[in-house]
Amino acid sequence: MPDYAFFHKQFMPLSEAKIGILTHALHYGTACFEGIRGNWDSEQERFCIFRIQDHYKRIFNGCHLLKINLPYSVDELCQLTKELLERSGYHEDVYIRPLAYKSSETVGLRLHNLEDDFFIVVTTFPSFLDIEKGVRCCTSSWRRMDDTMIPPRGKICGVYVNSSLAKTEAWENGLDEAILLTQDGHVSEGSGENIFLVSGGKLITPPPSDNVLLGITRDTVMQLAKNELGIDTIERHVDRSELYLAEECFFTGTASNIAPILEIDHRPIGTGGIGKVTAKLQKLFAEVILGRNPKYPDWYYLASPKAVTA
Ligand SMILES: Cc1ncc(COP(=O)(O)O)c(C=O)c1O
């Protein structure tokens, strides 16, 4: 299956989309990206690109923070993505990666007086975490990047060194994922996911001021919990030990969907299995990402494969 890219304002095979080795973003992380899922519905023979408009609105936040000019509207970006997906000819779940970056081939630390560029690539990407079995985690010895260092409100490439350090530390310790704390010791999030706990029948998740990325899955879960299960979510500081004592914990993210957390720092969470609220949310989430719940039409953007050859 040839992967395709939208690069230098045209569609081309991925193998032809190349950047120079002096590209500013490669040296300094001066870029921002999105991760969007195109979920393949084999019954309807179509993709449901989930909350694509919200992903593109968020990439504009990253661009604003990094002073990157992205010369497209959200609607144009959606249309380009749809066309790229149609050309790619996939009949399976895909991962769509738009990335806006400082493209000047020059050395020097700054954001100003540099050229910008943008690409979108579509590829396959299995779930990041095992959502059926659940995951085992540790609290990372790395702290989550603070807004005073690199703003977490956009998916800024440089920030992901922080996530990668934490993820590899967890993996080297035989675990699936890391939970990062803020500088002052509150729970922030996973390496690439937001975190929720269930306590006293309520959902609790760290607030934006604890350096979380404002996840689109996080928002989806909050809306589904309220509308479908009558459960409110409280956004507040969370202490590390609260996680240990929670009835349930789970991660949310585009790459990992809703991933139940079975164990943190060698302590089982709740029963040590997948909790009831988590399982209900997983079921509701599995429906909406395929566009199957008619209550949320704004979340769905549909595309069909055409298998166009370039
Ligand atoms: C650091 C971080 N936190 C949380 C998330 C979850 O965000 P979303 O649900 O929008 O994918 C992601 C993934 O994009 C992420 O990279």
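## Exercises on the ligand site and the pockets

A polar side-chain atom of Glu-189 is placed 3.0 Å from a nitrogen atom of the ligand. The ligand exposes 380 Å² when taken alone, and the protein buries 96% of that area. Keep in mind as you work that this model is predicted.

**Exercise 1.** Find which side chains place a polar atom by an oxygen atom of the ligand.

*Solution.* Start with Arg-58, where the distance from a polar side-chain atom to a ligand oxygen is 2.8 Å. Then turn to Lys-155, where the corresponding distance is 2.6 Å.

**Exercise 2.** Describe the shell around the ligand by residue and by class.

*Solution.* First, count the shell: 15 residues surround the ligand, with Lys-155, Tyr-160, Ile-216, Thr-217 and Thr-254 the closest. Next, sort them: three are nonpolar, eight polar and four charged. Finally, look at the elements: helix H5 (216-229) and strand S14 (248-253) each contribute at least two shell residues.

**Exercise 3.** Now characterise the second largest pocket.

*Solution.* Its volume is about 200 Å³. Of its 13 lining residues, Arg-37, Asn-39, Asp-93, Asn-257 and Ile-289 lie nearest the centre. Strand S4 (residues 36-41) supplies the largest share of the lining, three residues.

Methods
Residues numbered from 1 in each chain as written. Predicted model: local features only at pLDDT ≥ 70, side-chain atom pairs only at ≥ 80, totals over all residues. Heavy atoms only, no water. Near = heavy atom within 4 Å. Polar contact = N/O pair within 3.5 Å; in protein donor to acceptor, adjacent residues only side chain to side chain. Areas by Shrake-Rupley, 256 points an atom, 1.4 Å probe, with all protein chains shown as cover. Helix = DSSP H or I, 4+ residues; strand = E, 2+ residues; numbered from the N terminus. Nonpolar A, V, L, I, M, F, W, Y, C, P; charged D, E, K, R; others polar. 1 Å grid on protein atoms, 1.4 Å probe; cavity = no way out; pocket = protein on both sides within 12 Å on 5 of 7 lines; lining within 4 Å. Points joined across faces, edges and corners; volume = space filled by probe spheres on them.
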